[in-house]
Amino acid sequence: MTVSNTVQFTVRRAAADNSPGNERLAAVLPPAGHFIGGSFVPGSSGEFIDVVDPATGQVIATVPAGTAEDADVAIEAAVAAQKTWGATTPKERSEVLSLIADIIEANREAFEVIESANTGKPGAVAEDDVTSTIDTFRFMAGASRALTSMAGGDYATGHTSVILREPVGVVGVITPWNYPLLMAAWKIAPILAAGNSIVLKPSEQTPLSTLKLAELLAGRIPDGILNVVTGQGRTVGQRLSEHPAVALLALTGSVASGQAVAATAARSVKRVHLELGGKAPVVVFPDADLRAAAAGVRNAGFWNAGQDCGAACRVLVHESVAEEFTGYLVDEVSTLVVGSPEAGGDVEIGPMISRPHFERVKESLLEAKDAGLNVAIGGSALEGPGFFIEPTVITDVPAGAPIATHEIFGPVVTVETFSSTEEAVTRANESPYGLSASVWTRDSSLSLRIPKQLDFGTVWVNSHLVLACEVPWGGFKGSGYGRDLSIYALDDYSRTKHVMINHGA
């Protein structure tokens, strides 16, 4: 199943004079400070972190390098604010979430400009992020008013039981660099809806859209219910994990980050909500619509330049149709347009987020080539400014190959073959991750049976990476625990209390 690397994709670069983009960005950049208690304040260290545009490698802003002391001040503000916020009604909290959605909607262009510049996202990806962010707040505004619980009643003779749903208190949040605004929304919306207050540490690489949100919310929502402290995980994140006044720590990030947070949080028996990495298998059976499966992998494997924990990055295709499917997939990938956001509206693949991540992806590709694996298309870095990797398909990948088992988090899709249904399920489940997977088949029996056998939190049938606020997102095994989106997220950020009343007292 060797497909020659004879077709290539389109590369678009922005003109050297990028002043219009720079002017748009400069006009919407947020203040450089921590957002604590409803206003921006300087950091205590006097040190700053450079924020880089990965499409050019140029510094576009700086933010304070937060300290444990900065985190403590933010936590104190969150503790004070939560007492009042936690006593509000679901209706009052719903109105605040709806207001947040309206504010983002009214400032959509600013968020799209910031997100593209800070992450290198093409315009269509940034636009989708903002749209999904708005929908997240709108959904949680409604869902928070429609929660149900066990009916009150006499479950013990002479006693009436009532179940109360309460906020947990202050929630520490650590968000990743791949979806800065959207992942912040996935945390902020249900946490506030449940009556908690927040101290959020955005990724030090991509803090700008979260700070912009804080700027626009200042004076519009109660002071102190949302606080943002910028800085490194080893300082700010560590303090959030260990501080006794933080009741729960929610993180979206790498497995290593999740392990570190969970270990620290355990010292204070703190609840932890983890959404970690993934290596999503795409199981293609011989009866599948192979063209549709290839198009699905093109869209879901390379969205956001493959920097997505649910990316369709590991194809397992039946050996009888592997060559045909791979031909379709290479043809699909050859139509991708790579470039910087400023290069035009047809750009689909942006850069890696940073030079260190760029180098890690390059190293994975080099290891695959050294192992003799077939690069059907792509396989290299692009010359010029920025951190661009060619969209890549690697075929003839043997079972257990490192490139098929470890999360690369780039525009790289691997193709393996299987000979039986049992082998396909076993190979898919061998992954240390358990976030998402997909099954491609026209067989109704397989479409019902195989998802039950796959050890992943989300399994799509004949699609991949389709999300909705009404349904949960979260994984098993090394992908963590806890659920984002849906009413299940509200459960994660609440606690239940049983009140039993003795009739005879």
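Start by selecting strands β12 and β23 (residues 480–481): 2 bridges join the two, and they run antiparallel. Strands here are DSSP runs of E with at least two residues, helices are runs of H or I with at least four, and both are numbered from the N terminus; two strands pair if DSSP finds at least two bridges between them. Click on Leu274 and you will find Tyr481 of β23 opposite.

A word on what you are viewing: this is a predicted model, in which local features need pLDDT of at least 70 and side-chain atom pairs count only at pLDDT 80 or more, while totals for chains, interfaces and linings use all residues. Residues are numbered from 1 along each chain as its sequence is written, and side-chain values use heavy atoms, leaving out hydrogens and water.

Why is β12 (residues 271–275) largely enclosed by the rest of the structure? Because 4 of its 5 residues are buried, that is, under 20% relative accessible area with a 1.4 Å probe, protein chains only; exposed is over 50%, and partly exposed lies in between.

Next, select helix α3 (residues 90–106). Its buried residues include Arg93, Leu97 and Ile104. They pack against α2 (68–85), α4 (108–119), α5 (123–143), α6 (180–193) and α7 (208–217), with contact meaning heavy atoms within 4.5 Å.

Then move to the open sheet of 7 strands, in the order β16-β17-β18-β14-β13-β20-β21, with mixed pairing. At its edges stand β16 (374–377) and β21 (458–461), each with a single partner strand, so one side of each has no neighbour in the sheet. Inside the sheet, pick β13 (residues 281–284) and β14 (residues 314–318), which run parallel and are joined by 4 bridges. Pro281 has Arg314 in β14 as its bridge partner.

Last stop: Thr56, in the loop between β4 (48–53) and β5 (58–64). Is Thr56 buried or partly exposed? At 30% relative accessibility, Thr56 counts as partly exposed. Leaving aside residues up to four places away in sequence, Thr56 touches Pro385 and Gly386.
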